[in-house]
Amino acid sequence: MESKNLEEMNIKIHPSAIVEEGATIEKDVYIGPFCYVEKSVTLKKGVFIHSNAQILGKTTLHENVKVFQFATVGGFSNDLKYLPEEATTTEIGKNTVIKEYANIHAGTPGPTERTGSGTVVGENCVIMQYAHIGHDCKVGNRVLLSVRATLAGEVYVDDFAIISGLAAIHQFVSIGESVITGGCAKITQDAAPYTIIDGNPASLKGINIIGLKRRGFSDDDIRILKNLYRDLFYSKKKTWKEKLEECKEKYKDNEKSKKVFDFINENRRGLAGHHNHKG
């Protein structure tokens with residue numbers, strides 16, 4: 001791109017940065033010292049890339065994404081079935097922040113069971129230092145991955161979830177909406193929406209009341225969700241199937257409860273907390 005065009009579009013590329021010919025760069029983009037941007041990358045308006053970051057492969061950073069020092073986005077995955085040239089796409093939603101040394105892997109060929117093909121991180125997320133997002137993960141909007149949080153390949157994380165520091169999530173696991181995990185948690189089963197998950201292996205610890213209040217959930221909704229999870233996970237008088245059918249009928253008029261039942265119907269790895277109960 002000619003220097004005149006760069007000036008007109010308010011694009012600032014440090015002289016030490018390497019931007020391969022073919023990269024698509026929109027207005028108001030900044031690329032700092034010693035960065036590397038490959039030819040298939042698209043940088044939307046307002047993207048800001050700090051020094052020494054690498055944006056690789058078929059990656060799109062949407063409006064106002066910020067990538068900090070030494071982070072890598074779109075790198076070839078750890079899935080040994082594929083060659084680097086077979087990597088698919090990486091999409092980072094607008095206003096997401098990717099902090100120092102975080103790494104996000106590109107997708108792999110072919111649709112996966114829950115997450116589809118390609119790696120996607122939603123809008124307004126914060127991916128903190130040294131966090132890892134594996135191939136073909138789908139991360140929703142306003143998700144926070146704390147320091148050294150780890151998502152293996154094909155993990156699904158719904159909106160407003162918080163993955164605490166050093167938590168490790170097994171391949172294929174799904175994390176429901178507004179879940180918060182404990183630090184250092186080992187998560188090998190799906191985490192149902194609105195809950196707290198902690199331990200090694202992780203299990204259900206209750207409802208994420210503080211998170212739900214911050215989102216504006218009503219007292220009635222929070223009370224109903226507490227009762228739902230109490231009836232479903234902590235009652236030992238009936239089988240799991242009996243409890244689930246009873247709860248579906250009892251809480252059928254509550255929209256938040258429907259989200260829970262939909263998640264349970266789609267779960268792939270079993271539910272964290274369910275293994276400790278009769279069913």
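I count two strands as paired if DSSP finds at least two bridges between them. The model I am reading is a predicted one.

**Entry 1. The eight-strand sheet**

I looked up the strand order under that rule. Eight strands make an open sheet, running S3-S6-S9-S12-S15-S18-S21-S24, and their pairing is parallel. The edges are strand S3 (24-25) and strand S24 (174-175); each has a single partner strand, so one side of each is left without a neighbour in the sheet. I then picked one pair from the inside of the order. Strand S15 (residues 119-121) and strand S18 (residues 138-139) are joined in the parallel sense by two bridges. In this pair I find valine 120 opposite lysine 138 of S18.

**Entry 2. The nine-strand sheet**

I went on to an open sheet of nine strands, also noted as parallel in its pairing, with the order S2-S5-S8-S11-S14-S17-S20-S23-S26. Strand S2 (18-19) and strand S26 (186-187) are its edge strands, and each pairs on one side only. Again I took one pair for a check. Strand S14 (residues 103-105) runs parallel to strand S17 (residues 132-133), with two bridges between them. Isoleucine 104 faces isoleucine 133 in S17.

**Entry 3. Rings beside S14 and S17**

Next I looked at the aromatic pairs. The count for the model is six. I noted tyrosine 101 and tyrosine 130, which are stacked, with 5.0 Å from centre to centre and 5° between the planes. Tyrosine 101 sits in the loop between strand S13 (97-98) and S14, and tyrosine 130 in the loop between strand S16 (126-127) and S17, so this pair ties together parts 29 residues apart in sequence.

**Entry 4. Where S27 pairs**

I turned to strand S27 (195-199). S27 pairs in the parallel sense with strand S25 (residues 180-181), over two bridges. Threonine 181 has isoleucine 197 in S27 as its bridge partner. S27 also pairs with S28, this time in the antiparallel sense and over five bridges. S27 and S28 form a hairpin, with two residues between the strands.

**Entry 5. Helix H3 and its cover**

At 1.5 Å a residue, its 16 residues should span 22 Å; the end C-alpha atoms lie 21 Å apart, which agrees. Which residues of H3 are buried? I list Asp221, Ile222, Ile224, Leu225, Asn227, Leu228, Tyr229, Asp231, Leu232 and Phe233. The cover over these buried residues includes S27, strand S28 (202-207), helix H2 (209-214), helix H4 (240-250) and H5.

I then took H5 by itself. Helix H3 (residues 219-234) packs against helix H5 (residues 255-266) at an angle of about 35°, and the axes are 9 Å apart. From H3 the contact uses Asp221, Ile224, Leu225, Leu228, Tyr229 and Leu232; from H5 it uses Lys256, Ser257, Val260, Phe261 and Ile264. The residues of this contact divide into eight nonpolar, one polar and two charged. The spacing along a helix is worth a note: an α-helix has 3.6 residues a turn, so residues three or four places apart point the same way.

**Entry 6**

I came back to the aromatic pairs for one more. Phenylalanine 233 and tryptophan 240 have ring centres 5.5 Å apart and planes at 70°, so I record the pair as edge-to-face. Phenylalanine 233 is buried at 1% relative accessibility. Tryptophan 240 is buried as well, at 12%.

Last, I looked up cysteine 247, which lies in helix H4. Is cysteine 247 buried or exposed? At 2% relative accessibility, cysteine 247 counts as buried. What does cysteine 247 contact, leaving aside its neighbours within four places in sequence? I find Leu228, Asp231, Leu232, Lys252 and Phe261. Cysteine 247 and tyrosine 229 are 18 residues apart in sequence, with their C-alpha atoms 9.2 Å apart in space.

Conventions
Residues are numbered from 1 along each chain as its sequence is written. This is a predicted model: local features need pLDDT of at least 70, side-chain atom pairs count only at pLDDT 80 or more; totals for chains, interfaces and linings use all residues. Side-chain values use heavy atoms; hydrogens and water are left out. Helices (H or I, at least four residues) and strands (E, at least two) are DSSP runs, numbered from the N terminus. Axes are lines fitted to C-alpha atoms, for helices over the stretch in contact, and angles run from 0 to 180 degrees between N-to-C directions. Contact means heavy atoms within 4.5 Å. Ala, Val, Leu, Ile, Met, Phe, Trp, Tyr, Cys and Pro count as nonpolar, Asp, Glu, Lys and Arg as charged, and the others, Gly among them, as polar. The expected span of a helix is 1.5 Å times one less than its number of residues. Buried means under 20% relative accessible area, exposed over 50%, partly exposed in between (1.4 Å probe, protein chains only). Rings of Phe, Tyr and Trp (its six-membered ring) pair if their centres lie within 6.5 Å; planes under 30 degrees apart count as stacked, over 60 as edge-to-face and the rest as tilted.
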